[in-house]
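Here's a quick tour for anyone opening this structure for the first time. Have a look at it below, then read on.

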Amino acid sequence: MTITDTPTAPAPQASRRLTTSKAMVEAIAQEMERDPAVVYLGEDVGAYGGIFSSTTDLLARFGPERIIDTPISETAFIGLGIGAAVEGMRPIVELMFADFMGVCLDQIYNHMAKIHFESGGNVRVPMVLTTAVGGGYSDGAQHSQCLWGTFAHLPGMKVVVPSNPADAKGLMTSAIRDDNPVVYMFHKGVMGLAWMAKNARSVGDVPDGEHLVPIGKAAVARPGTDVTVVTLSLSVHHALDVAEKLSGEGVEVEVIDLRSLVPLEREAILTSVAKTGHLVVVDEDYLSFGLSGEVVATVTDHDPTMLKAPVHRVAVPDVPIPYAHGLEYAVLPRPDRIEAAIRRSLAL
Amino acid sequence: MTMHAEPSTSPAAETAASALDAPTRTALFETMVLCRTYEEAILREYHADKGPGFDIGKGLVPGEMHLSAGQEPVAAGVCAHLTTDDAVTATHRPHHLAIAHGMDLRAMTAEIFGRETGLGRGRGGHMHLFDPATHFSCSGIIAEGYPPALGQAFAFQRKQTDRVAVAVTGEGAANQGAFHESLNLAARWSLPVVFVVEDNDWAISVPRDAATAVPSNADRAAAYGIPGERVEDNDVEAVYAAAARAVERARSGAGPSLIEIHTLRLWGHFEGDAQGYRPELAEVPSHDPIPRYEKALREAGVLDDDAVQRIRAAAAERVEDAIAYAKSSPLPDPASATSYVFA
Ligand SMILES: Cc1ncc(C[n+]2csc(CCOP(=O)(O)OP(=O)(O)O)c2C)c(N)n1
Ligand SMILES: [Mg+2]
């Protein structure tokens, strides 16, 4: 600052419109400025800027000592992240697609997730594992999965899944500052990439400056009175589109964006269902043994009589994601399936 | 970063007194031309309807598309020693190997177009070509094609055949645990495997020298007590010779070998890749192995205008037939989307 500058108090939470990817990158950059212990490691995160634009321009800004391209050795570099975190760094490590967890799962669930527990709370692992999820663009069975239910099932790691730019920034900031391992799962379809079909909601207002979204808090993405849709990630966009459409028919849909699976804000689900009595769960992960069942159990464990109608779950029907467009769209939770489930729930 | 030592204008290695007869050399050229003609056609079809702009999920061929242009010498030189009783496992960049190994072009192309007549009835896509007729398979997970190849070799060994399994990865994959576990196990059990590494200098945007601690992956074979050989210059005849030794060793029961070929990624990692990270981009086309081999064969009197013309026309005819077949094939019925999870 020079003396000719007029000191102005920072306008509280001025904002601009950004894509989700730019908002995510902004949080990483701000935390890297603030804390020299933050580094970002992964495949093609340097010159390429992340295959899904998770690190755009960060190499130019922070250099190869902090924005680090790795060999294709996920076990080695995710494990490296764990060890570095144990020694006081705050690494962000990218697994290019969540589908690739198979080659490095041991480091994730037996090491990253268990060290704090096994050490009786004496060793912390403050790292972020970022990973791209989701389908919708014919990338086939090994590049289209969400798998957040699998991560969330395994104890010891927080799991966050932003659906929009502001949350992408706020959850990333919180994830980096968290003293626990946090898995940060970004859907390719919410990033606002130029080369992929996108919903208008992948661009949105993002607060300037420091912005934190607490991990473990759901959001009411749209208030409503008639039916609750509990969902997350790209499905939030679809659910909001359907809610807008049905509002024209006089049906008010409440859309709950979970944002965080671990910890899960069960109270937000119960509050909404207590109001509407109708529940639809929309989950781009596999149907069985996962998130959608957990949401339903949250309600039935508490008080099954809250429900005025059977619950409807819109999820991937326990089949790998098919390549052919028509097959893929038949199994993904697209707006048509969400709308049909809401209509069934309300007997419309 | 490793670059091709030979400028394309210097005499190709293939011209230096070839040990191969004219029909063999012609066949290698034919295979390379067929592979390239195929990739050019897929390139055309892939980009035909991605607009406005570029939407990866749009068009008759949606999704990621990893084309193999420039890597034809690997496929031609290795697969020349195989029959369709031998197994080949490939990667996310599989087309050249599938074609050279004799996969039915119609069924392959229909799969890439997501049709019910495709190899996987449209379920798999271009990274997931499974063909029982040619024992071909591939995987989009880096290095994960190696372990199943061991099992095919194990089965061939138990059945007391002389069939072999060829396992192919890129050089980037050689830093993956599965690569090293596979080499060790195959060596210890003397499995009839030929490990092939396609070193195209790049793993997406990461140059091989930035990722790999040794100058040649062939050197890694020594760690497992098996022969390792590196072929420079994307030289199809040198690939042919190295593969002859490795396949013979596997067939005879002497165990696995590793061959690394210094090849060329002529195009982007996948379609839509602007390759801004690639400093040598402007000179890449000058290293194209096909014009170079054509020139060598013309100079050696193996090919003339007529022969080249015939080979190119025959390739175009086969490829366009396959594309037409794919386009006229039915799309899978969305009502069948949950089929085929179990036998
Ligand atoms: C386990 C795993 N990690 C990362 C990827 C993403 N990925 C796809 S291709 C590729 C580069 C592969 O490089 P290389 O093995 O040299 O093969 P090339 O693409 O050059 O043919 C990467 C990192 C993947 N598919 N699987
Ligand atoms: Mg490579």
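## The annotated domains

Let's start with chain B: residues 63–334 are 38% helix and 12% strand, with the end C-alpha atoms 18 Å apart. Helices here are DSSP runs of H or I with at least four residues, and strands are E runs of at least two. UniProt, in an unreviewed entry, lists that stretch of chain B as "domain: Dehydrogenase E1 component". Such annotations may be inferred rather than shown by experiment.

Over in chain A, an unreviewed UniProt entry gives residues 18–193 as "domain: Transketolase-like pyrimidine-binding". That stretch is 36% helix and 19% strand, and its end C-alpha atoms are 11 Å apart.

## How to read the numbers

This is a predicted model: local features need pLDDT of at least 70, side-chain atom pairs count only at pLDDT 80 or more, and totals for chains, interfaces and linings use all residues. Residues are numbered from 1 along each chain as its sequence is written, chains are lettered from A and ligands numbered from 1 in the order in which they are written, and side-chain values use heavy atoms, leaving out hydrogens and water.

## Around ligand 1

Which residues are closest to ligand 1? They are A:Glu74, B:His92, B:Arg93, B:Gly140 and B:Asn200, out of 22 that surround it (a heavy atom within 4 Å). Because residues from chains A and B surround ligand 1, the site is shared between chains.

B:Arg93 has a polar side-chain atom 2.8 Å from an oxygen atom of ligand 1, and so does B:Asn200, also at 2.8 Å. Taken alone, ligand 1 exposes 570 Å², and the protein buries 98% of that (Shrake-Rupley method, 1.4 Å probe).

Note on methods: A polar contact is a pair of N or O atoms within 3.5 Å; within protein, one must be able to donate a hydrogen and the other to accept it, and residues adjacent in sequence count only if both atoms are side-chain atoms.
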